[in-house]
Amino acid sequence: MAKALFRAPTGTRDILAPESARRRRLVSVFADLAERSGFGQLESPVFEDIGVFQRLGAASEIVTKELFEFFDKGDPPRHLALRPELTASVCRAFAEHRPTVPWKIWYSGSQFRYERPQAGRYRQFEQVGVETLGTDDPHADVEVIGLGMRFYEALGLKQVRLLVNSLGDADSRPAYDAALAAYLQGRRGELSEQSRVTLERNPLRVLDSKRDQDQPVIAAAPLMVDFLSGASAEHFATVRDGLDRLGAAYEISPRLVRGLDYYTRTTFEFAADALDTAQNAVGGGGRYDALVEELGGPPTPGIGFALGVDRILLACDAEGAFAAAPTPVDVFVVDVAGGASAVVLCDRLRQAGFGVDRAFDGRSMKAQMKRADRSGATVAVIVGPDEQAEGTATVRDLRPGGGQNRVTQHDLVPAVAKLLEGTTS
RNA sequence: GUGGCCGUAGCUCAGUCGGUUAGAGCGCCGGGUUGUGGUCCCGGAGGUCGGGGGUUCGACUCCCCUCGGUCACCCCA
């Protein structure tokens, strides 16, 4: 047995059928939902000028150490990076094209982060998402969050929890940051070594720590909700009211921070309780009211989310939802008279709209019938020397107790259609 | 980037205290008389035991390195 010379790079993988079809269906469910909600698709490049992502914030690990970056062959070379997320690309596209607002888009695609892989975490991973730019109406927040919620429902997931928080705006955030930093500095000695480093860089992120040692300090930390400006508090209240009107079950999670530095006001996360791994966030997002401007566009508020396809599928596995299923063909053509007839009959049946497969390499009838059975086909079309000589084909019903009869090749399509009546294909 | 665990057929796994030609199930291929699948029976192919080095008379087994996987921290989808 020859040994494979190469394998998929660390953190990447091949997705074979039927899992690949399942992913395609998932994206299709999302696309339908988004388009029915007035979102149009944006396809943006897989790589961008590295500056697009560096605007995400110097304190984000995503841009400080997780970027796949490279130079192209330009003169001078361009400094580029594979996208680690899509919101920045969306904002760049907005600043570049200046579409009329509100601009509502959805996307799906691969993203890349250089991290150590683990359960639900890959270096190349796929997300679907939506973004609404050009309005800071809290009802836009509700529409976006509600869309995420309905998507999980559409997949059949039951154990997805919605967590919401507000990080405040430019009027409320500085006071909170100062209060939090002061508090954490005061209890610095109780924090883990890593949290002390985080504290210098971005105090808010200390709230994200999962280390046991930090929990007592975090539990007593000042809360953003107590620092919200009037406008921010009102925005948050309207979002919550809207979620209530949708019948959404959600939890206020006052320490929900999220990793991207650009978030303002509303932030939220979808946690899959069926996943007992550390990576149980199957989606997350929030409002980013300054990002477009950061990227050279006009001041433009935005709200959106990204949902992790890989993790959602893991959650589906855990809940037994949205199962992968092989896509069977309708007809299997068995040709034991040289195989030339199968070439023509397959083509004719496919043109008639049926799913059709066949065997190669001149295998025995028994072997080909076995293939036919395993293909999941309902009907086998058999051509042996007799049929070939008289221009006919044997049409066999592969279902238990099914019979067979011989028809002229001219009548093949209607004969197959008759047998397949009532089956879904 | 740091740490724990794990690498034996395509897949899931056995493999004794270090001892002869490394096994099973599933899958795959072929056969069970004249052209017919599923169940059953028989047979076959397929592994330099992740790679390299070391200890030993002898290594799948013990040690080191390396690569890969996995889980956790970190980070986040």
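**Notes on the model**

1. Let me start with Arg-348. Beyond its neighbours within four places in sequence, Arg-348 is in contact with Gln-409, His-410 and Val-413. Please keep in mind throughout that this is a predicted model.

2. Where does Arg-348 sit? The residue belongs to helix H12, which covers residues 340-351. Its relative accessible area is 35%, so Arg-348 counts as partly exposed, the range between buried (under 20%) and exposed (over 50%).

3. On to the overall layout. The domain assignment of chain A gives domain 1 (19-170 + 228-319), domain 2 (173-222) and domain 3 (331-420). You will see that domain 1 is listed with two segments, 19-170 and 228-319.

4. How many residues of domain 1 are in contact with domain 2? The count is 12 residues of domain 1, meeting 11 residues of domain 2. Between them, domain 1 and domain 2 bury about 1100 Å², and carbon and sulfur atoms account for 43% of that area. Taken over C-alpha atoms, the centres of domain 1 and domain 2 are separated by 25 Å.

5. The cavity search may interest you too. Over the whole structure, one cavity of 30 Å³ or more turns up. The volume of the largest cavity is about 50 Å³. Domain 1 and domain 2 each supply at least three residues to the lining of the largest cavity.

6. Which residues line the largest cavity? They are Leu-167, Arg-173, Asn-202, Leu-204, Arg-205, Val-257, Arg-258, Leu-260 and Asp-261. Sorted by class, this lining of the largest cavity has four nonpolar residues, four charged residues and one polar residue.

7. Last, a look at Gln-127. This residue lies in strand S6, residues 124-133. Is Gln-127 buried or exposed? Its relative accessibility is 11%, and Gln-127 therefore counts as buried, since the cut-off for buried is under 20%. Leaving out neighbours within four places in sequence, Gln-127 is in contact with Tyr-107, Ser-108, Gly-109, Gln-111 and Arg-113, and also with Ala-306, Leu-307, Gly-308 and Val-309.

Definitions and conventions:
Residues numbered from 1 in each chain as written. Chains lettered and ligands numbered in written order. Predicted model: local features only at pLDDT ≥ 70, side-chain atom pairs only at ≥ 80, totals over all residues. Heavy atoms only, no water. 1 Å grid on protein atoms, 1.4 Å probe; cavity = no way out; pocket = protein on both sides within 12 Å on 5 of 7 lines; lining within 4 Å. Points joined across faces, edges and corners; volume = space filled by probe spheres on them. Nonpolar A, V, L, I, M, F, W, Y, C, P; charged D, E, K, R; others polar. Domains from an automatic or database assignment. Helix = DSSP H or I, 4+ residues; strand = E, 2+ residues; numbered from the N terminus. Buried < 20%, exposed > 50% of the residue type's maximum accessible area, 1.4 Å probe, protein only. Contact = heavy atoms within 4.5 Å. Buried area = accessible area lost by both parts, 1.4 Å probe.
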